[in-house]
Amino acid sequence: MALKVYQYPRCGTCRKALKYLEEKEIPFADQNIVESPPSREELAEMVRKSGLPVKKFFNTSGKKYRELGLKDRLKEMDDEEMLDLLASDGMLIKRPLVTDGEKVTIGFKEDTFDQTWAQ
């Protein structure tokens, strides 16, 4: 499966990630994370495959995250509540969110992309 990149066109980090994939000639399909966010089921599967806690999937620097006061609220939520919240609004999800169906990366760090996708 080609990589699926959930991204937001106005996000500089997403643009860097897409440029990286293009330069390395790694095939991918991109999907606007706001217009077509991953479903709750897809998010749950990506969390499971990533081995990371659900809270790592939140865009902690986003306006929506701050508006909803999630820094404090997430401490009281269980994983199911966090997944429901993430699935409700693509702007809450850290991006880019990249998967090949088996592996998952969140955000863009060149060394992580080198190790995960440039094989």
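Buried means under 20% relative accessible area, exposed means over 50%, and partly exposed lies in between (1.4 Å probe, protein chains only). This is a predicted model: local features need pLDDT of at least 70, side-chain atom pairs count only at pLDDT 80 or more, and totals for chains, interfaces and linings use all residues. Residues are numbered from 1 along each chain as its sequence is written, and side-chain values use heavy atoms, with hydrogens and water left out.

Cys14 is buried, at 0% relative accessibility. Cys11 is buried too, at 11%. Cys11 is in no disulfide, and the nearest cysteine sulfur, that of Cys14, is 3.2 Å away. A disulfide needs two cysteine sulfur atoms within 2.5 Å. The structure holds zero disulfides.

Next comes Asp100. Asp100 sits in the loop between β3 (97-99) and β4 (104-106); strands are DSSP runs of E, at least two residues, and helices are runs of H or I, at least four, numbered from the N terminus. At 19% relative accessibility, Asp100 counts as buried. A polar atom of the Asp100 side chain lies 2.8 Å from the backbone nitrogen of Glu102. The Asp100 side chain also reaches the backbone nitrogen of Lys103, at 2.6 Å.

Now the charged pairs. A salt bridge is a side-chain nitrogen of Lys or Arg within 4 Å of a carboxyl oxygen of Asp or Glu. By this rule the count comes to nine. Which residue forms a salt bridge with Asp84? Arg40 does, with the closest N and O atoms 2.4 Å apart. Asp84 lies in helix α5 (residues 79-88) and Arg40 in helix α2 (residues 40-50), so the pair ties together parts that are 44 residues apart in sequence. Asp84 is partly exposed at 42%, and Arg40 is partly exposed at 23%.

Lys49 forms a salt bridge with Glu102, with 3.8 Å between the closest N and O atoms. Lys49 lies in helix α2 and Glu102 in the loop between β3 and β4, so this pair bridges parts 53 residues apart in sequence. Lys49 is partly exposed at 29%, whereas Glu102 is exposed at 55%.

Lys64 and Asp89 meet in a salt bridge at 3.0 Å, N to O. Lys64 is in helix α3 (residues 63-67) and Asp89 in the loop between α5 and β3, 25 residues apart. Lys64 is partly exposed at 33%; Asp89 is buried at 16%. Salt bridges that share partners join Glu45, Arg48, Lys49 and Glu102 into one network.

How values were computed. A polar contact is a pair of N or O atoms within 3.5 Å; within protein, one must be able to donate a hydrogen and the other to accept it, and residues adjacent in sequence count only if both atoms are side-chain atoms.
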